[in-house]
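Thanks for coming, everyone. Let me put the model up, and then we'll walk through it.

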Amino acid sequence: MRICIVAEGCYPYVVGGVSSWIHSLIRSFPGQEFVILAIVSDSSMRGKYVYELPSNVTEVHEIYLNDSDWSKKRMRKHRMNKKEYHALRSLLLGQKIEWEVLFDFFQKRKGSLNGMLMGRDFLDAVTEFYQLNYSQVVFTDFLWMMRSIYLPLFTVLQTELPKADLYHCICTGYAGVLGSMAKYFHGGRLMISEHGIYTREREEELIMAKWVKGIYTNIWIEQFYKMSSLAYERADMVTSLYEHARGLQVELGCPMEKTKIVPNGVRVEDFQNLPGKREEDQGKINIGAVLRVTPVKDVMTLLQAFSFAKMQEPALKLWIMGTWEEDSEYAQECFDLVRTMGIQDVEFTGNVDMQEYYGRMDMTILTSISEGQPLVILESFAAHKPVIATNVGNCRGLILGEQDDFGPAGIVTRIMNVEDTAYAMTALAGNEEMRVQMGENGYQRVMALYQLSHLQDAYRNIYQDFAESMQLPWKEDIADKENAEKEGQEKASPDEADPDDAEKEPQPDADGGRD
C-alpha cells in the first residue's frame, strides 16, 4: 500500500514529539511504501532534514507557504467564470463552500497567484465580504489582510499532488485541505490524526499574537475553522489521542462515527538502564524541561518559577533541553531574563540525546500553554521520573490517571502560574520518597497503557482495514521485518526486546506538543 503522510511544520525538518511519532510510525511498517508531502514555511527549508529517512520513504514533496509570486512580470488578467466566482465568494463568506469547484479551478487553470489576488474577481468578492461585515475599518488595510490570509491557501490549492492509496494527514488545516483535494482527484482514502486540536491551537496562537489584532484575528480564526471543517467532512477516519480531544473534534463538526482514539506510545525498553547522575550532579536536584524554547512552551513562567523555587531549595538545577532556533527572538528574551534576574543553575543545552540525560534528572517539567498528549511525559514515566505539567491537553489524565488506580505520577499546575509551578518544584525537591513513588506510579501507567507496541498494533489494524476496503495487498516484507526486529534487539537487552516492536530511533528533543 502506498501511504502519503501529509505533515505541516514538522517532519522531517523539526525535531519534536509529532515528528518523532511520524518517524516511528513509518519505521513500524517497513513493507509499505510511504510518500511525504511536507508543508514548510519557505524554500530556505528545502531538503534540510533532521531525520534520516527510512528506506521505505520513496518520495518527499515540499510546499512553501510563505513563498509568493508577487513579481509584476507574472501579473496578468485572471478572470473566473460565473461558477468559479460563485465558489470563491462562498469561500470568503463561509457559505456552503464549493470546494470541488475551487479544487478544479486552482489545479487545472494554474494561473498566477499574483494575478488572482490582484485581479478583479478577488477584489469584488472581498468588497462584498467587507460591505456585509467589516465596513467600519479602512478598506485598503482590509484588502491587503485578505490577500495575506488567502495567499497560503491558494498556494496549497495549486500544489501538484502525489498519487497514493491512503492520505494520512497529521492535522487538519492546510494538511487537511491537501488530503481532501488529493482524495478528490486521485481517489483513495483520507485519514486525519490530530495530536492537538489544530483549530484550537491556531486560535490560541492568534489571540496571543502581536502581528494581528482586532477583527483580523477573528477572520484568521474563521479561516482555520473552514479548513478543518473540510477535513472532517472528507475524512474516512479521524483519530485523536484521548477522549476529551475526540469530544472537541465532534464539537467542531466531525461526525462521531468517524472518530477513534489511539493513544501515544513509547518504547519503554529505550529508557531502561539509563546512565545515572554524574559527579557534577552530586548535591543537585535536577529538573529537566524537554522542550523547544518557544512561546507555546511558556519558558518565561518556567524560569520565573524556578528562580523562586531555588530561593527555597538552593540545590535545584534546571536543565532546558531542546532547540532555541525556532523562535530566536523569544529565546533571547529567555536568556536575557536569566541574566537580568541573576538566576543561577539554569542550563540551556540545545538538542541533546535525552537517553543521556533522563537518568540524571530527579523530575521533569512542562509549563506549556498548549499540548496534546506529550511524549516527554510518557518518556519520563518510562524512565521512572515524576512530572510537573500544566493542566493542558491530556497532561492531567497522564499524571493523575484516567483508567487506572496506580496513583499520581507528579503534580498538575495551572497555566501560566508562577506560584503553582514554584510550589510543585519545591514540594518534589523536598520529598525524595514522594518523587520515587510518583516515578514508579508513572512507570506502571506507561507499561499498562502507553507502550509503543499498543500504538503499532492499532495502526496496523487501521492500515490493514483500509487496504482491505480497497482490495489492496498488505505487504509484510519478511526481510525488512527481521531487520527491524534485529535493530530493536540490539537496542534493548535480550530480556527486554519485544520482537513485535519496530525500533524507535532515539531523538535529541522528544517534545510532546505541536512541532
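Leaving out residues up to four places away in sequence, which residues does Gly276 touch? Gly359 and Arg360, with contact meaning heavy atoms within 4.5 Å.

Some ground rules before more detail. This is a predicted model: local features need pLDDT of at least 70, side-chain atom pairs count only at pLDDT 80 or more, and totals for chains, interfaces and linings use all residues. Residues are numbered from 1 along each chain as its sequence is written, and side-chain values use heavy atoms, with hydrogens and water left out.

Back to Gly276. It sits in the loop between β7 and β8 (285–290). Helices here are DSSP runs of H or I, at least four residues, and strands are runs of E, at least two, numbered from the N terminus. Gly276 and Gly359 are 83 residues apart along the chain, yet their C-alpha atoms are separated by 4.6 Å. Gly276 counts as partly exposed because its relative accessibility is 38%. On that scale, buried is under 20%, exposed is over 50%, and partly exposed is in between, with a 1.4 Å probe and protein chains only.

Next, the sheet. It is open, with 7 strands in the order β3-β2-β1-β4-β5-β6-β7, paired parallel. Pairing needs at least two DSSP bridges between two strands. The edges are β3 (57–64) and β7 (259–261), each pairing on one side only. Zoom in on β5 (189–193) and β6 (237–240): 3 bridges join them.

Now the cores. A nonpolar core is a set of buried Ala, Val, Leu, Ile, Met, Phe, Trp, Tyr and Cys residues joined through side-chain atoms within 4.5 Å. The largest has 76 residues, and Leu153 and Tyr174 are among those touching the most other members. Helix α6 (139–157) gives the most to this core, 11 residues. A second, separate core holds 37 residues, including Ile36 and Met470. What does Leu153 contact, leaving aside neighbours within four places in sequence? Leu91, Tyr174, Val177, Gln223 and Met227.

Last stop, helix α8 (198–208). Its buried residues are Tyr198, Thr199, Glu201, Arg202 and Leu206. Why are they on the same side of α8? Because they cover an arc of only 160° around the axis, taken from the directions from the helix axis to the C-beta atoms. Their cover includes β1 (2–8), α7 (173–186) and α9 (215–234).
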